[in-house]
Amino acid sequence: MTHNTIQTVTSESETPLVSNQTSNVINEPGTNSLDSDIKGKFIIKKWETKIREVNSKDFKNKLHTYLINNPDKFITIQGIYKKTEPYTLAERRAEYLKSIFVIHGVDSSRIKVKTKEGAFEYNKKEEYDNGFLIHIDTIPKKIKKVVNNNISRKVLFAKFASNTFEPDNAFKTYVDSLRVFITGNPEKNIAITGHTDDIGNEADNEWVGLQRAKSVALYLVEQGIPRDNITVRSAGETEPIGDNNTTQGRQKNRRIVITMN
């Protein structure tokens with residue numbers, strides 16, 4: 001099967017909206033760029049919002065890795081629409097592509113969505129394989145604050161099995177970003193606090209909260225975060241955020257809070 005490649009150019013270049021490329025990745029001038037030879041396609045269909053992926057894993061993996069290794073960068077997905085189409089169609093497609101990247105582990109706060117009118121034609125199957133531009137830029141201070149806040153405080157409402165937890169893709173992505181941040185800011189410390197509901201006695205709940213916090217700390221260490229930068233504690237049942245008289249409230253109270261200072 002033939003793979004199209006994603007063209008990498010600087011943002012000062014003129015980039016044709018119609019080409020035989022999958023899509024265009026436009027890098028900020030003078031910065032580290034995403035690889036120019038990335039395989040994969042995200043195909044749009046006439047009047048439809050859903051995107052068809054073809055061999056897109058290479059692109060998603062490299063984009064994910066690039067953003068982890070470049071915490072000062074963010075991407076803008078620009079959906080392209082024809083003059084005869086509403087811009088909202090391209091906007092929904094771009095949001096759909098954003099959701100694909102987020103499911104793959106990309107931090108949603110580092111993805112913006114825009115639209116742009118372009119001249120192109122759908123093929124005989126009413127499909128087009130170059131319906132997006134992807135811009136890579138440096139995070140503005142306003143957005144950087146949001147990203148840093150996402151790193152500096154994380155709440156896990158995980159489904160714990162006994163006293164341990166299984167990290168999902170979103171948490172794995174968070175830990176990757178946390179590791180990069182700590183590497184660049186070794187003076188920062190990570191505090192992990194375990195919380196429980198009030199079922200059982202207070203002493204037992206304090207112990208359970210501590211074991212869960214230790215389980216998360218162990219995972220961080222296994223992923224390369226220095227043990228010396230991590231402290232663990234348990235608040236047990238003493239700091240509820242939900243009503244312990246309801247199932248939903250108890251679920252909220254069973255949580256792990258990660259903070260950085």
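Modeller: Start with a definition: accessible areas come from the Shrake-Rupley method with a 1.4 Å probe. On that basis the chain exposes about 13800 Å². Carbon and sulfur atoms supply 48% of that area. Keep in mind that this is a predicted model.

Colleague: What share of the chain's residues count as buried?

Modeller: Of the 261 residues, 45% count as buried.

Colleague: Why is F120 called buried?

Modeller: Buried means under 20% relative accessible area. F120 has 3% relative accessibility, so F120 counts as buried. Y128 has a relative accessible area of 6%, so Y128 is buried too.

Colleague: How many aromatic pairs are there?

Modeller: The count comes to seven aromatic pairs. Take F59 and F101. Their ring centres are 5.6 Å apart, and the cut-off is 6.5 Å, so they pair.

Colleague: What makes the pair of F59 and F101 tilted?

Modeller: The angle between the planes is 40 degrees. Stacked needs under 30 degrees and edge-to-face over 60, so this pair is tilted.

Colleague: Which parts of the chain does the pair of F59 and F101 tie together?

Modeller: F59 lies in helix α1 (residues 57-69), and F101 lies in helix α2 (residues 87-103). The pair therefore ties together parts that are 42 residues apart in sequence. Both F59 and F101 are buried. Ring pairs also link F42, F59 and F101 into a cluster.

Colleague: Why is the pair of F120 and Y128 called stacked?

Modeller: Their planes are 15 degrees apart, which is under 30 degrees, so the pair is stacked. The distance is 4.3 Å centre to centre.

Colleague: What lies over the face of F120?

Modeller: K82 does, at 5.5 Å from the ring centre. The distance limit for a charge over a ring is 6 Å, so K82 meets that limit.

Colleague: Now the strands. How many helices and strands does the chain have?

Modeller: The chain has six helices and 13 strands.

Colleague: How do you know that β11 and β12 pair?

Modeller: Pairing needs at least two bridges. Strand β11 (residues 190-195) and strand β12 (residues 230-236) have six bridges, so they pair. The sense is parallel. T193 stands opposite R233 in β12.

Technical notes: Residues are numbered from 1 along each chain as its sequence is written. This is a predicted model: local features need pLDDT of at least 70, side-chain atom pairs count only at pLDDT 80 or more; totals for chains, interfaces and linings use all residues. Side-chain values use heavy atoms; hydrogens and water are left out. Rings of Phe, Tyr and Trp (its six-membered ring) pair if their centres lie within 6.5 Å; planes under 30 degrees apart count as stacked, over 60 as edge-to-face and the rest as tilted. Helices (H or I, at least four residues) and strands (E, at least two) are DSSP runs, numbered from the N terminus. Buried means under 20% relative accessible area, exposed over 50%, partly exposed in between (1.4 Å probe, protein chains only). A charge sits over a ring if NZ of Lys or CZ of Arg is within 6 Å of the ring centre and within 35 degrees of the ring normal.
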